[in-house]
Structures are given as structure tokens and as C-alpha cells.
Amino acid sequence: MFSDSSAQQTARQSVQKVVRAGITDGELQTLARSPEVKVRAAVAEHAGTPLMTLLRLAEDRSADVRIGLARNRRESIPIEVREDLAKDRNVDVVYALIDNPAVPDALIARLGRQLHKEYAKAARARIAAVKAGTWAPAALPAPVLPAGEDEVPSFATVDAPVERTPRPAAPSPSARADALDVLLGNKR
């Protein structure tokens, strides 16, 4: 259905045709077992996906699927699932979680106290912006088309640019090991 070389926009449009408005729970459960990562990611991000299916997708090997789950704006996702996503080794999963308005501020505050500087900085920035009343989460994905419509969905426009801090590159394994040695007192 998709190849790795496909443009992201084309893949998103194709997935939106599959995960259409009015899709049933059974269809979502079937799509959650798809061999295509983009389909599983779209199911994970869909607010109507059954909870048991979301729990299964939380353990998916693909970071894209876990990112989709971290973006899911469903309020009733158990906090334990979001806490597990907050511990994910893929930084994009954690950043998607920080940008999700459905994630409780208590979890975001906990991420702000992490040793990982980038997570902590982004989480503290969200908390500060929420307090100041200036925080706006990333735009919602394009609306899902009803079955049978072949129109290209329109995307929301932003009136004012949102200032984003660029994500620094992940530290190398040797830099992580050095930092751990310093924290443990093994190296000065």
C-alpha cells in the first residue's frame, strides 16, 4: 500500500481514505494489525479506536505507531499508557506527548523534571505557555473524508507563526555514557 519512498502527504491522504469517518470498531481492530506502519499509526491516532486496540498498539515496534498513539487526543486513555510513552526511547514519541493537549499537566510537569535536557525544556516551555495562556498545540490533522469522496483535504491555516524551539540532535552513545559516569561520580 505504501512504500518508504512515498511522499508523506500522499501516504497521509491514502491513510485518511482507509480510516474514514464512521469506521467501525471491528474495522479499526483489523487495520491495527496491518503490516503497513502508516495504517497502524493512523489507527493509533484515531480517537475512536477501542481501548484494547490502543493498548496493543502502545507496544508496537514502530516508533511511528507509538507517535500516533502519543498524538491521540482521547481523554480516556489511561495515564499508565501515557506514562509508558513518556519513557519511550524515541524522542519524537515524547515530543508528540508533550504537544498533546489531552496529556495531563502533571505528567508534563514530571517530564519537565527529567534529566534529558530536551524533554525537560520542551515540557517546561509548555507548562509556562499554558500558565501564560499562550500555548497552542500543533494543528489537528486534516479532517477525515467520508467514504467515497476523492477530494484532497484542506489543512488548517495558521494566522500567526508559532515559535518553536528547534530540536537538538540526540546525544551520541558515548556522550550519554560520559554524562552517566559524571552523574555516578565515576569520572570528573
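A polar contact is a pair of N or O atoms within 3.5 Å; within protein, one atom must be able to donate a hydrogen and the other to accept it, and residues adjacent in sequence count only if both atoms are side-chain atoms. Helices (H or I, at least four residues) and strands (E, at least two) are DSSP runs, numbered from the N terminus. The structure is a predicted model, in which local features need pLDDT of at least 70 and side-chain atom pairs count only at pLDDT 80 or more, whereas totals for chains, interfaces and linings use all residues. Residues are numbered from 1 along each chain as its sequence is written, and side-chain values use heavy atoms, with hydrogens and water left out.

The protein chain contains 10 helices and zero strands. Of its 188 residues, 32% are buried, where buried means under 20% relative accessible area, exposed over 50% and partly exposed in between (1.4 Å probe, protein chains only). Contact means heavy atoms within 4.5 Å. Among the contacts in the protein chain with a separation of 6 or more, 50% are accounted for by residues 24 or more positions apart.

Helix H7 spans residues 91–98. The buried residues are Val93, Val94, Tyr95, Ala96, Leu97 and Ile98. Their cover includes helix H5 (63–71), helix H6 (79–86), helix H8 (105–112) and helix H9 (117–132).

Angles under 35 degrees count as roughly parallel, over 145 as roughly antiparallel, 65 to 115 as roughly perpendicular and the rest as oblique. The axes of H6 and H7 come within 8 Å and cross at roughly 135°, which makes H6 oblique to H7. Arg82, Leu85 and Ala86 of H6 meet Val93, Val94 and Leu97 of H7. By class, this contact of H6 with H7 has five nonpolar, no polar and one charged residues; Ala, Val, Leu, Ile, Met, Phe, Trp, Tyr, Cys and Pro count as nonpolar, Asp, Glu, Lys and Arg as charged, and the others, Gly among them, as polar.

For H7 and H9, the axes come within 10 Å and cross at roughly 10°, so H7 is roughly parallel to H9. On the H7 side the contact is made by Val91, Val94, Tyr95, Leu97 and Ile98, and on the H9 side by Glu118, Tyr119, Ala122, Ala123 and Arg126. These residues divide into eight nonpolar, no polar and two charged.

In soluble globular proteins, nonpolar side chains tend to be buried together. Not counting residues up to four places away in sequence, Ile108 touches Leu97, Ile98, Val103, Ala123, Arg126 and Ile127.

Several individual positions were also examined. Ala63, in helix H5, is buried with a relative accessible area of 18%. Ala63 and Asn90 are 27 residues apart in sequence, with a C-alpha to C-alpha distance of 6.7 Å. Beyond its neighbours within four places in sequence, Ala63 is in contact with Asn90 and Val93. Asn72 occupies the loop between H5 and H6 and is buried, at a relative accessible area of 0%. With residues up to four places away in sequence not counted, Asn72 touches Ala44, Glu45, His46, Ala47, Leu54, Ile77, Arg82, Asn100 and Ala102.

Ser34 is placed in the loop between helix H2 (25–31) and helix H3 (37–45). This residue is buried, with a relative accessible area of 13%, and the side chain of Ser34 reaches the backbone nitrogen of Glu36 at 3.0 Å. Gln29, in helix H2, counts as partly exposed at 31% relative accessibility.

Notes. Axes are lines fitted to C-alpha atoms, for helices over the stretch in contact, and angles run from 0 to 180 degrees between N-to-C directions.
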